Amino acid sequence: MIEVRNLQKSYGDFAVLRNVSFTVARGEKIVILGPSGSGKSTLIRCFNRIEPHDAGEITIDGERIDQKTELTRLRCMVGMVFQNYNLFPHLTVLENCALPPRVVKGAGREDAEELAMNFLHRVNIADQARKYPIQLSGGQQQRVAIARALCMQPSVMLFDEPTAALDPEAVSGVADIMASLSADGMTTLCVTHEMGFARRIADRIIFMDQGRILESAPPEVFFTQPRTERARDFLSQMIRY
Amino acid sequence: MHGTPLPPHAAHPATRRSRPADPSLKRLRARRLPWVALLWTCMVLGLAAAPVARAQQAPSFAAGGLTVCTNPTLPPMTFVNGTDGSDLAGVDIDVSRRLGAYWHVPVTFVSMDFVGLFPSLEAGRCGMVISGVVRQAAREVKFDAVPYQPTSLVVVARAGTAHVTSMADLSGKVLAVESGTSYAARIAQENVALAAAGRPAIEIQQYPTEDQVVQQVLIGRAFAFVSQDVELAFRQTQLNGKVSVIFQPDYPEYRNFAIYIRKDARDRAALEGAIAALRDGGQMTPILQRWRIMPGGGDMQAGDQKAVSGFNWRTFAAALVSPAFARGAAITLAMAVLSHMTAIGLAVPMAMVMNGRDGMLKSAIRAYVALFRAAPTLLQLLFVWNALPQFLPVFRESWFTPFLAAWISLSINEAAYQVEINRAALQAIDPGQALAGDALGMTRMQVYRHIIFPQALRIALPPTINEFISLIKTTSLASVISLQELLAVTQINVARTFEFTEYYAAALIYYLLIVFFFLWVQKRIERRFAWADRLKATSHAAA
């Protein structure tokens with residue numbers, strides 16, 4: 001479904017992505033691990049082109065993602081959840097979810113709100129629909145952010161460290177939702193530092209360092225028999241922490 | 001161009017000469033044309049008809065109508081009678097009307113701040129200035145002056161003050177004069193002589209209107225003020241003899257009031273002829289008698305004979321409900337609202353550019369903001385009103401009203417400040433907000449409209465209301481370009497009656513009402529920003 005070939009990107013002289021290539025099958029759940037600055041976030045941001053790549057090729061469902069891609073259509077297809085939730089503070093939970101279908105897809109207010117309520121139920125937060133984001137906890141906000149992305153009914157979901165700003169209890173709530181989404185067959189790419197979470201949902205782990213993919217393996221293989229020295233170091237650091 | 005034949009007239013020198021390329025030449029010709037036609041007619045009809053025809057012919061500055069610039073704060077020469085700001089009265093007004101009748105042209109008066117009179121004349125906004133201005137060599141460098149009424153300078157102090165015998169006796173004392181007049185420069189010459197003699201200078205204080213000058217003496221801040229004898233005679237009726245002349249210096253340059261026109265020998269001769277004809281025809285005497293400059297005058301309606309001391313509640317209440325004050329307040333309010341809305345309309349797109357990537361446009365906006373924040377607002381108003389018509393004559397036409405000029409100036413000026421407010425507000429929004437909007441497939445405009453603007457409004461609102469309140473008061477500057485806003489109406493009424501406390505208080509009430517209304521509006525709007533505060537958001541949701 002997603003094909004990445006020789007993807008390159010740099011900020012000035014600094015190469016963030018160096019010849020990254022991999023493929024993702026439909027319904028596959030990929031978790032991208034790696035130390036800070038390894039290019040994980042940049043990589044997934046190239047898929048919905050909020051970071052344009054410099055060279056190489058990305059195709060999603062056979063469609064090339066480049067400067068000619070119609071961004072609105074691409075972003076309806078590829079949803080994204082951010083580390084800091086980025087909910088719209090001036091809108092209620094319900095409005096946060098209903099606004100994008102209304103303005104982007106031209107849905108009517110009632111239809112959009114009904115759709116939004118469905119997804120808010122899906123993430124178990126429908127009872128908070130009339131509140132403003134500031135009144136919610138971090139975990140609740142992140143669940144709203146997931147519902148908001150789902151309201152665009154994407155075929156791919158990108159998660160950019162979705163649990164990094166959450167306390168452990170909230171992490172499990174968000175992780176449950178993501179696991180249930182995965183179970184429904186959503187193609188998912190997730191950048192995270194949560195090893196347990198990675199082990200739980202991933203079909204495949206991609207390990208990155210310094211803009212390169214060093215390993216790509218099923219979690220049971222990656223976590224027990226990492227092939228590279230760098231991955232072994234990384235895992236031992238993580239466990240000790 | 002090779003091979004293209006020249007048009008036939010281009011080859012003919014006589015034809016070319018008759019087609020002046022310079023538009024100013026054309027204008028010159030057009031202006032002379034009536035005269036040429038007239039001469040020609042005279043020659044045909046015979047010399048006997050000529051003197052009558054020429055005497056009735058309006059000079060070029062009054063062709064098609066006589067527009068008169070005046071600062072109606074100098075009774076009995078030019079002032080406002082009654083509380084309605086449009087009812088001009090005085091010697092100058094009567095003389096202008098007689099001139100219009102003499103030339104068979106309609107007369108229009110434009111009242112404005114004294115400082116604006118000569119720039120307006122130069123810009124062609126009016127044909128002549130008649131505003132109790134004395135004839136002076138310095139002014140005649142740039143304009144032609146035609147005297148119409150003798151006068152003399154007087155130094156006036158509170159009643160009971162000992163007379164002095166020379167200007168030098170005023171050494172070390174405070175003398176109040178109207179700014180924009182030549183009095184200050186004349187006193188400065190006295191100061192040179194005093195300095196040479198090793199004596200302290202006369203301390204000059206300048207005030208924008210004559211009534212404020214008088215006020216300084218009444219309240220005792222100034223020792224004396226400088227005025228003209230005719231004006232003082234009129235003031236005495238208002239002041240019930242509270243002041244008296246202590247010295248009458250004979251300066252040759254203060255012997256005559258004069259009408260000023262743009263330099264033109266023929267126009268000057270025509271105006272001199274007209275004044276002489278009015279005098280010879282016995283038309284000047286009734287005017288002078290009416291305003292009590294000559295004995296035997298009739299009833300003088302101006303100047304309510306009220307006591308100067310104590311607060312006159314009746315005057316205050318009458319001013320509050322008077323149409324003139326209501327209209328002044330309406331003009332002030334309309335000017336502030338329109339200018340600020342225009343400014344915001346201009347500033348938002350500029351702020352969006354400022355919030356984006358560097359480029360030519362961004363540098364241009366930065367230069368605009370720097371320029372218009374640096375230049376005083378008063379200067380910008382005077383520039384738009386008086387300097388612009390010299391470059392672009394279309395701005396001299398009647399559609400370019402003081403209101404329009406003030407609207408344009410204040411909008412452009414205010415936009416420069418508003419750009420900074422809006423830019424800061426946009427910058428304060430977390431970049432993650434736009435990123436989330438992008439990721440949800442919104443276009444740039446949708447992101448601005450639905451996500452950034454509603455949040456930026458909360459940040460921009462308090463400084464914007466602040467700017468607006470400041471703008472309400474800045475509109476008073478537009479009185480220099482003859483906009484009859486609240487403060488201009490106030491000053492005209494103070495000049496008429498000297499009941500300054502009452503009229504100032506009435507103006508203050510209007511300003512307070514306007515400002516408090518908008519503060520209330522601000523509170524109402526801010527209620528909608530409960531989402532930014534957890535406690536308020538909770539109580540909001542519960543309500």
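In chain A, 67% of the contacts with a separation of 6 or more join residues 24 or more positions apart, contact meaning heavy atoms within 4.5 Å. The model is predicted, with local features needing pLDDT of at least 70 and side-chain atom pairs counting only at pLDDT 80 or more, whereas totals for chains, interfaces and linings use all residues. Residues are numbered from 1 along each chain as its sequence is written, chains are lettered from A and ligands numbered from 1 in the order in which they are written, and side-chain values use heavy atoms, without hydrogens and water.

Chain A contains nine helices and ten strands, taken as DSSP runs (H or I, at least four residues, for helices; E, at least two, for strands) and numbered from the N terminus. Of its 241 residues, 57% are buried, that is, under 20% relative accessible area with a 1.4 Å probe and protein chains only.

Helix α2 (residues 71-77) of chain A holds A:Arg75, which is buried but has no salt bridge (a side-chain nitrogen of Lys or Arg within 4 Å of a carboxyl oxygen of Asp or Glu). The nearest side chain of opposite charge, B:Asp438, lies 4.5 Å away, while the backbone oxygen of A:Asn48 is reached by the A:Arg75 side chain at 3.0 Å. Beyond neighbours within four places in sequence, the contacts of A:Arg75 include A:Ile50, B:Leu440 and B:Gly441.

In chain B, strands β9 (residues 174-178) and β10 (residues 203-207) pair in the parallel sense over five bridges, pairing requiring at least two DSSP bridges, and B:Leu175 has B:Ile204 as its bridge partner in β10(B).

Notes
Buried < 20%, exposed > 50% of the residue type's maximum accessible area, 1.4 Å probe, protein only. Lys, Arg positive; Asp, Glu negative; His and termini not counted. Polar contact = N/O pair within 3.5 Å; in protein donor to acceptor, adjacent residues only side chain to side chain.
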